[in-house]
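Trainee: Could we go through this model together, one question at a time? I'd like to see how each answer is reached.

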Amino acid sequence: MPLLLTLLSLTACKNECIHMCQRVDKWLNECGYSWEATFEKEGWSSIDDCYDDHWEVEEATERSCQKQAKRWDREECY
């Protein structure tokens, strides 16, 4: 498991969408929400599902993810 986390942290620098998934996961953990409830429409049940959907993306999608990641940093628990 530590090797997987190390690899993910290395690739996160290169893929803004993976970084976004990590920020969403942090927010969910801090606020006590689940992936299933928050991302029911997407069918995500864990950060791994977010990674799977965003592992290889085009540049335009990465720019969008970068903006979304910043939004998740500002998102408050409700």
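Predicted model: local features only at pLDDT ≥ 70, side-chain atom pairs only at ≥ 80, totals over all residues.

Trainee: How many salt bridges does the structure hold?

Mentor: Residues are numbered from 1 along each chain as its sequence is written, and side-chain values use heavy atoms, leaving out hydrogens and water. A salt bridge here is a side-chain nitrogen of Lys or Arg within 4 Å of a carboxyl oxygen of Asp or Glu. By that rule, the number of salt bridges is four.

Trainee: Which residue forms a salt bridge with Asp 73?

Mentor: In this pair, the closest N and O atoms are 3.2 Å apart. The pair links distant parts of the chain, 50 residues apart, with Asp 73 in helix α5 and its partner in helix α2 (residues 16-31); helices are DSSP runs of H or I, at least four residues, numbered from the N terminus. The partner of Asp 73 is Arg 23.

Trainee: Is Glu 59 buried or exposed?

Mentor: Glu 59 meets Arg 63 in a salt bridge (3.0 Å, N to O), and both lie in helix α5, four residues apart. Buried means under 20% relative accessible area, exposed over 50%, and partly exposed in between (1.4 Å probe, protein chains only). Arg 63 is partly exposed because its relative accessibility is 43%. Glu 59 has 60%, so Glu 59 counts as exposed.

Conventions. Helix = DSSP H or I, 4+ residues; strand = E, 2+ residues; numbered from the N terminus.
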